[in-house]
Amino acid sequence: MNVTREQLEEFMTKFNEHDMDWLKTKVHTNIVIRNLDTNTVIADGRDEVVDFYTRNFEKGGSTNSILDLMTMGNKIVFKEHMIESTGEEHDDFNMMEFEDGLLKRVWFLME
């Protein structure tokens, strides 16, 4: 399955809305989130990922927008602009992998 910009934009919209009910239906049971720099696991499995994002949203989260992207089959690499709840702004590179229409793996930079 090829990933599209529209799929990523839908994820960003729902992420920015903190829509955890929607997110639960779009992530693979065996989803893994890793730090892009160190390849360490941040969250492993749907329950941990939901908990990870719930904690982030409780802290205020961030508002993200796509600046640029490249798709490679079921993977998408993108640069996003992030505005933190503190007002701090920065750009990050991330990668997502999909399987059977569900988000299976995420790699992103952690500060």
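Predicted model: local features only at pLDDT ≥ 70, side-chain atom pairs only at ≥ 80, totals over all residues.
**Asn64 and its contacts**

Leaving aside neighbours within four places in sequence, I find asparagine 64 in contact with Met12, Phe15, Asn16, Glu80, His81 and Met82. Asparagine 64 sits in strand S3. Buried or exposed, I wondered about asparagine 64? Its relative accessibility is 7%, and the cut-off for buried is under 20%, so asparagine 64 counts as buried.

**Over to Ser62**

Next I looked up what the side chain of asparagine 64 holds on to, and found a polar contact of 2.8 Å to the side chain of serine 62. Serine 62 is in strand S3 too, which I have down as residues 62–72. With a relative accessible area of 7%, serine 62 is buried. Which residues does serine 62 touch, not counting those up to four places away in sequence? I get Phe15, Asn16, His18, Met82, Ile83 and Glu84. I noted Phe15, Asn16 and Met82 in the list for asparagine 64 as well.

**The largest pocket**

Then I turned to the largest pocket, which holds about 770 Å³ of space. I count 31 residues in its lining, and the closest to the centre are Phe15, Asn56, Ser62, Met82 and Phe108. By residue class, the lining splits into 18 nonpolar, seven polar and six charged.

**Aromatic pairs**

Last, I went through the rings. My search of the whole structure turned up seven aromatic pairs. One of them is phenylalanine 11 with phenylalanine 98, edge-to-face, at 5.5 Å centre to centre and 70 degrees between the planes. This pair links distant parts of the chain: phenylalanine 11 is in helix H1 (residues 5–16) and phenylalanine 98 in strand S5 (residues 89–99), 87 residues apart. I have both phenylalanine 11 and phenylalanine 98 as buried.

I also wrote down phenylalanine 52 with tyrosine 53, an edge-to-face pair at 5.2 Å centre to centre, with 70 degrees between the planes. Phenylalanine 52 and tyrosine 53 are both buried. Which aromatic residues form one cluster? I find Phe15, Phe52, Tyr53, Phe57 and Phe108 in it. Phe15 and Phe108 were already in my notes, among the residues closest to the centre of the largest pocket.

Definitions and conventions
Residues numbered from 1 in each chain as written. Heavy atoms only, no water. Helix = DSSP H or I, 4+ residues; strand = E, 2+ residues; numbered from the N terminus. Buried < 20%, exposed > 50% of the residue type's maximum accessible area, 1.4 Å probe, protein only. Contact = heavy atoms within 4.5 Å. Phe/Tyr/Trp six-rings, centres within 6.5 Å; stacked < 30°, edge-to-face > 60°. 1 Å grid on protein atoms, 1.4 Å probe; cavity = no way out; pocket = protein on both sides within 12 Å on 5 of 7 lines; lining within 4 Å. Points joined across faces, edges and corners; volume = space filled by probe spheres on them. Nonpolar A, V, L, I, M, F, W, Y, C, P; charged D, E, K, R; others polar. Polar contact = N/O pair within 3.5 Å; in protein donor to acceptor, adjacent residues only side chain to side chain.
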